[in-house]
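Hi,

Here is the model I promised to pass on to you. Have a look at it first, and then read on for what turned up in chain B.

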Amino acid sequence: MADAPPERSSAVDAGAGTSPAPAPGTAVDLPPINPEPSVWRGLTSFRGTTPRIVDLYVGVIGVVVFLLLWDLAAEPHRIVGLLTWIGVLPAGMEVADPKLFVAAPQDVVVRLYELFVYYEFLDDIGISIYRIWVAFIAAVIMAIPIGIWMSSYRLVNGLLEPIVDFIRYLPVPALVPLTVVWFGIGDTMKIALLWLGTFFQIVLLIADDARRVPREYIEIGMTVGAKPGQILRHIILRAMAPSMVDNLRIGLGWCWTYVVIAEIVASNSGVGYVIMSARRYQKTPEIYAGIITIGIIGLLTDQAIRWAHRRYFAYLR
Amino acid sequence: MPAAQAFISIDRVSKSFQVDQRTPPIAVINDVSIAIEEGELVVFLGPSGCGKTTLMRIVGGLESATRGRVQIDGQPVRGPSRQQGMVFQSYSSFPWLNVIDNVRFGLKFRDDVDAAEKERIARHYLELVGLKGFETYYVNRISGGMRQRLAIARTLAAGPDVLLMDEPFGALDAQNRDFLQAQLDIIQRSEHKTIVFVTHDVEEAVFLADRIIIFSARPARILEEVRVSDYLPAERNLETKESETFFKLRNRILAITRAQALRTEQLLMEARTTP
């Protein structure tokens with residue numbers, strides 16, 4: 001009787017055939033059925049996935065390659081020299097000086113440094129940021145209640161939407177003469193122009209965000225005894241907040257376009273002014289320095305808002 | 001007039017929607033009267049889009065009737081209120097609040113109880129639906145079944161007279177649905193709430209209901225009423241679904257709904273062939 005179990009199990013083994021059964025508790029090295037794809041596969045397969053750190057490396061590689069190409073474009077005589085040396089091009093070819101069109105990255109960095117140290121560039125950046133934020137905050141403070149109001153009452157929406165839609169389609173540069181007539185060429189004119197460019201866009205986006213709050217959420221509020229004001233505060237604002245912050249982030253990006261337009265037209269300060277006066281004196285590296293500064297500020301602001309979004313709306317994940 | 005004594009009386013309710021100005025209004029509910037007793041669990045059963053949900057929403061005050069009237073405890077329904085609690089199939093709780101705060105939300109706007117009592121009630125219902133230990137979890141981190149239990153806890157915490165449930169288990173997998181149906185039966189027996197439960201799932205209807213009201217395709221009218229409580233015991237459990245009576249009831253109701261579906265199909269075909 002005691003012998004029976006081992007006999008049976010060995011019979012099963014023989015039937016299964018190939019390898020001897022491992023002792024219980026020993027780890028067996030089986031080939032993985034569906035192996036983790038390599039990082040390279042993750043990067044190159046259709047809709048593949050990669051770890052975050054890999055995305056970061058790839059981003060750095062992209063920037064470095066871009067800088068190298070840029071540097072080459074700024075010094076085309078190097079390419080010509082190389083091609084001549086190989087024998088593709090005949091010796092003695094002249095290359096026009098390209099510096100007027102493409103400033104070398106190192107020249108731009110030097111110019112940036114000079115701008116900050118000798119030309120109070122920080123003040124220009126400060127004034128541009130100030131104009132943007134005053135206009136943007138004014139637009140947001142007005143757009144949130146008006147947008148929600150439009151989404152809440154058909155009457156308000158019916159009255160405002162045609163006008164808002166009309167103004168929204170006006171190109172901001174076309175409004176510059178009007179704002180100059182109204183406000184002169186000081187800060188007020190710039191802020192007014194930025195406000196015109198953002199408020200009418202944002203208010204419709206916010207109205208849409210509020211409208212997209214699921215009907216169920218609002219009805220939950222109604223059936224636990226909340227009044228309209230309480231539903232607005234405790235449900236609608238909370239439910240729409242993540243998409244609203246995303247939309248405002250995009251709206252802030254438009255502000256940079258408009259501030260440069262405003263500062264190019266008539267100004268004696270701001271990043272747009274620096275770019276425009278550099279053009280007048282054909283100081284190409286300075287134009288690049290101005291443009292890059294805007295890009296970097298935009299990137300940093302965007303990342304900061306994204307970070308805050310991830311932090312405050314962590315419940316979405 | 002039995003309707004006068006009933007806890008919920010739905011009295012000759014009709015509803016039609018005007019889609020746009022050029023087409024005639026679409027009739028959704030056609031002259032429906034139902035009397036529901038206090039503590040009764042009534043299931044509205046019918047094909048998708050038949051108007052049963054609309055009827056339940058009219059009871060909840062979330063929609064108005066074109067004709068007829070609805071009274072709860074002798075009071076005409078004038079709009080949504082804390083007396084009519086709602087459990088939805090999706091978006092049933094708030095993702096920006098954690099579990100316990102979602103339950104507390106049901107009590108937030110009550111001024112008939114003090115803060116300490118609110119907290120006690122919230123904890124009580126959290127425990128009743130078996131979510132104790134998940135207080136700090138956000139809604140996106142718990143399962144679909146737990147979300148529906150959470151919605152039930154929040155709705156009960158608001159202290160409603162009537163619980164209106166709109167296919168609350170429709171999006172769940174079969175095992176979870178089984179489990180939640182059994183839990184709802186337990187909750188119903190401990191809380192003695194009047195419940196209107198909308199579903200198109202015949203087995204779910206038979207398992208839960210004291211009484212099933214079978215609706216026709218749109219516009220909804222009552223095809224038949226089945227008093228399940230005459231056949232099945234008040235206390236239901238998973239064995240109930242194995243019993244012969246359960247099968248017989250299920251088959252009888254399926255026969256009604258199938259015949260109705262067939263007829264609707266035929267009507268649609270005729271409408272298409274005749275110019």
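A word on terms before the domains: the domain bounds used here come from an automatic or database domain assignment. Please also keep in mind that this is a predicted model.

With that assignment, chain B divides into domain 1 (2-83 + 162-273) and domain 2 (90-159). Taken over C-alpha atoms, the centres of these two domains of chain B are 26 Å apart. Where they touch, 12 residues of domain 1 of chain B are in contact with 12 residues of domain 2 of chain B.

Now for the chain as a whole. Chain B has eight helices and 10 strands, and its C-alpha atoms fill a box of roughly 65 × 45 × 40 Å along the principal axes. Of the contacts in chain B between residues at least 6 apart in sequence, 70% join residues at least 24 apart.

The element I would look at next is strand E8(B), residues 194-199. Six of its six residues are buried, so E8(B) is largely enclosed by the rest of the structure. In a regular strand, side chains alternate between the two faces of the sheet. Which residues of E8(B) lie on each side, and are they buried or exposed? Thr194(B), Val196(B) and Val198(B) are on one side, Ile195(B), Phe197(B) and Thr199(B) are on the other, and all are buried.

E8(B) also has paired strands to show you. Strand E3(B), residues 41-45, runs parallel to E8(B) and is joined to it by five bridges; there, Val42(B) stands opposite Val196(B). Strand E7(B), residues 162-166, pairs with E8(B) in the parallel sense too, over five bridges, and Met165(B) stands opposite Phe197(B).

Finally, back to helix H6(B), residues 174-191: together with E7(B) and E8(B), this helix makes a right-handed β-α-β unit.

Happy browsing, and best wishes

Notes: Residues numbered from 1 in each chain as written. Chains lettered and ligands numbered in written order. Predicted model: local features only at pLDDT ≥ 70, side-chain atom pairs only at ≥ 80, totals over all residues. Helix = DSSP H or I, 4+ residues; strand = E, 2+ residues; numbered from the N terminus. Contact = placed C-beta atoms within 7 Å. Buried ≥ 20, exposed ≤ 12 C-beta atoms within 10 Å, placed from the backbone. Pairing = 2+ DSSP bridges. Right-handed = clockwise from strand over helix to strand, strands pointing away.
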